[in-house]
Structures are given as C-alpha cells and as structure tokens.
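Have the sequence and the 3D view ready.

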Amino acid sequence: MVDTVVADTPTVPEDAVVDDDAPGPAISVPDSGDTGEVGKLRMIVQLVKKSLGVKDIAAMRLSLPASLLEPLPNLEYWHYLDRPDLFAAINDHDDPFERMVAVVRFTFTKDLKFIHGKVCKPYNSVLGEHFRSHWDVPPVHYSSDPAKRPILRTHATHTHSAPASTTVLPFETLSVKSGHSESSFKSIRNGLSLFTKIKPGPSITPTPEEPVVDEALSGSMSNLSLGSGEARSSDHIRVAYLTEQVSHHPPVSAYYASCPARSIEMKGIDQISSKVSGTTLRVAPGSFNKGIFIDITGGPGEGERYHITHPVANVNGILRGNFYITVADSTIITCTGGSGGQRLRAVIEYKEESWIGKAHFLVEGVIHTYDEDDTEFEQWTKVKHVPQSYVLAHFEGCWRGQIRWRRTGSASASCSSVSLPIASEYETLVDLSALQVVPKVVRPLQKQLPNESRKLWDNVTSRLVNKEYSDATKHKLAIEQRQRDEASERKRKGEEFVPHYFEKDISSGVPILTAEGWRALEEELQESSLIEHDQRRSAS
C-alpha cells in the first residue's frame, strides 16, 4: 500500500511512529523504455538501490513507471477472502473448539493468492478510492467424523495435487475484465500474460447490465470442482466486502466484510511497513494495523470475537527477478467474548528459513486454553512457550501445501463437547495445494462511482493490458496529479479529508462504518445474483 500522493493523516494511535520528515522527495525510477523482463529487472535494481537505508518505504512517496505495475487496483488485490466459504463456515459449529479450528483453517486460506499467484505490485490507492464486491458460495459440507476436514464444494481439486510451488493455477485477478465490451475483454484476457503464466480457458462475456464473475480456468485443471450445477443452487450464501482508502500518509485503508446468513463479520485496518534488507524486502504490519477482527453476531458463537494478528513476510529474489514470499514470526488468534467457559487461543509459528538451500515454508502451531485474568499467556508467542497442560491440539506442515492436526493428550482439559479420542491420529486440517482462489463478483463499470477502483483506474488498466505503457503512465500520473490538486485545495480551505464509508478515528484498529458505509454494504448484499439473472433470461 505504498502511495505517491500526500494527504491528510487520520487520528494517530499512541504507539504510532510518525515520520515528521515525510513525505520528503519521492523515490522515483525513470522508465527505461525497455518493457521486456531485462528492462524491468534493471528498473527494479535501481529501485532497490534507492531504497537502501530508507526506514519505511511504505511511508515514502514512490513513483513507478506503469510498466512495473500489474493491471489491478490495490484495494481489489488486498483482502482476506480468497476462501469466503471457509470464512462463512466459522460459525457452523456448536462447539467452541471446533469454531477455533475453523478460524485456524480460514487463516491459512485467506491469502491463497500468494501461494498460487506470483508476487505483483498493484496500483497505489488514492485518497477516497473505494472498492466493493461480493461472493456467492455454496456452504461447506461436513463428514460424520468431526476430526475430518470439511468438504468444499467450489474451486477445490478432488484429489491431492502436486505441491503448490510447482502447480500452475489460474490467478483470481482475471477479474479485470469487468464491464468491458467483447473486444476489450479479449484484449484484457490476452494481457493477462503480464501477471500469470497460464492460458485462460472458456469464459463468459458480460453484458453491461449484469454483474461480472471471474470464470477462467486452465485446461489442465479438469479435476477442479467449480461447483458446476451446484454453483447456481439457491443454497448459496453471500459474503459482501467494502474497503476504502482513508489516508495517504501514511497509506491506510479500512475494510469490512459481512455474511448475514451465517451471522459473521470481518473488519480491520490495512497498513504495511516495508524495508529493504540486503536482497530482501521485509513487510510488517504498520502501526494502525492491529490485525483482523472476526465478530460473530448470532448463532452458536454469538458474542465471540476472534483477533488474528499478522506475521512478518519477506519478499525474496529481488535481484534475480524471481520473487517468492517467506513468512516469519507468529500469528496469534485469540477468542474473547461469547457465552463464557474456557477461553481458547491459537499460536501459528512460521519457521525461519535457512540461508542455504531452498525454502521449505514450514509451520507448526497449537490451540490452547488460557486464563484471561492472568496475562502470562500474552507472552506465549511460540509453540514452546505454551505449557503442555494447556494444549488441546497440535498442527504442523507446509503453509503452501498440506497441514495436518490432531488432538493432544491434554485434551481432557478441553471445553469441547465433541467426542474425539485423546492423542488422536493426525488428520488433514487443510490442503492448500488443492484449493483455488474463489473469484469475486463485481458490478460492471456502468454501475460504479467515479472513485470506485475499477472505474477510477480503467484507462490505466486498458492500456496496460494492451501494452501501451507510455499512455498508461500518462493516465496514472493524471490520476495522481488530480489527487494532489484536491489535497492542495483542502489545505487552502483549511479542510480535512473525511472518509465517506468509515469513521475517521481508526486508532483502535477496528473500523466503524458510517451510515453511507452500511448503505453501500447493504446494496452489495442485495445485488442481483447470477441465479436471478439466469431466471430472468430463461423467462424472457
């Protein structure tokens, strides 16, 4: 979320570190005119050299030629709903332990794009830009054995596939085709080679009145379950999503997701801090980013809140132009609220990679109880820190492949009402190599507002996919200059920017929707579904 435009700053949390010298001079890389891989690599090397010693690249103004960007808005790219069906499934269980297991499973799947897609740089978001979308997904099914993983009914292979690192799979950002004419759609489809190595298969061509869903698949994925037949069933549940860029310096966005059918919501603040260290880009949460907050508003888990913290990620292979992500540190999931009883917490520990040899992407973790009256548990950030008497379950594996789990011998202390054998055998928690990103549905451009992401960046996107890089850069600079002019006008008038969909104070890390935000989210929940379009088409 590195932005090039100076604008207003939101309410600052007490622990935030603000660079008084920012934004300072922009870090810029001139367009070499060489749009091939060698030319791009040269520009990347220049950027790395200029970024050495910079305390936080994300807090700087960064000006890049359009040829280095992917044809994708930042707000559309950054979200945590690559598997909305598993998000909606969290509140399916009567047992609190099973709900925690479901949250852990969701946590591993929320960013599938970084497993199956390559690392990319989307557009910088501008102040006031917003994006909204929804997913209509079939609810997951369950085995009679509660230890077995749920049966996913869409975008999942039926059998164990090759390791994720070698599997070529379709990338969800094909959704840039939204709202374009047939000729424009063909152009965009061909332009996908900018950020994916696969050849798209057959796809639907949208009409201007219909919402657009991504449906491109590699022909090699004949065993991929898309829920065909089931996918248009009336048992679908909808997850709606809304996000807005609420600050430029530092670059911050707020997001909110809702699934009323399962009485579950997700909200949070996105902000990153990044720094070049050697040949690696280190990416950590910014001071406003307190993690992901999942609230259950009804059903068996009513009143529960799950707080999921973000780990530290490293983008490697910068100088070789062969980017890949490794993860360090830990993710902590803490459940509070609800009907009482024993409190549950999970520690997901990402193993440090060796400097020698290939990355293994290993992870292990535990689900354990904790006493909220004793703050000692806050120091338990690694598996070895958790006393064995508190541990209910252990999981391990590869966060790009298969993760397995089992109940432990201390499970007698569990608050679980599910009958599972103590020290049970390992079962598959989730097989990430067999899962795909579930495509989002986005309203066509004709229905979008001027500052809605796809509408705002349409001129840049269409030129990027046609490889008209010079024109794309001109349109990109025009958008950025317009934002500077608006910021200058606000300063002249003594006005502050006020977000449209979220309250201005984001210091808690938990954003609050405004009346307009609730209205936009409700509109997205009520958007006509593909089922209704099919019914109208059949009746006509």
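## One serine up close

Ser330 is buried, at a relative accessible area of 7% (buried means under 20%, exposed over 50%, partly exposed in between, with a 1.4 Å probe and protein chains only). Before going on: this is a predicted model, where local features need pLDDT of at least 70, side-chain atom pairs count only at pLDDT 80 or more, and totals for chains, interfaces and linings use all residues. Residues are numbered from 1 along each chain as its sequence is written, and side-chain values use heavy atoms, with hydrogens and water left out.

What does Ser330 touch, beyond its neighbours within four places in sequence? Its contacts (heavy atoms within 4.5 Å) are Thr309, His310, Pro311, Ile348, Glu349, Thr381 and Lys382. The side chain of Ser330 also reaches the backbone oxygen of Thr381, at 2.7 Å.

## The nonpolar cores

A nonpolar core is a set of buried Ala, Val, Leu, Ile, Met, Phe, Trp, Tyr and Cys residues joined through side-chain atoms within 4.5 Å. The largest one here has 68 residues, and Phe87, Val104, Phe108, Met266 and Ile294 touch the most other members. Its largest share, eight residues, comes from helix H4 (residues 96–109); helices are DSSP runs of H or I with at least four residues, strands are E runs of at least two, and both are numbered from the N terminus. Another core of 15 residues lies apart from it, including Ile269 and Phe288.

## Helix H9

Among the buried residues of H9 are Tyr469, Ile479 and Arg490. The buried residues of H9 pack against helix H7 (453–456) and helix H8 (458–465). After H9 comes Gly494, with a positive phi near 70 degrees.

Conventions: Polar contact = N/O pair within 3.5 Å; in protein donor to acceptor, adjacent residues only side chain to side chain.
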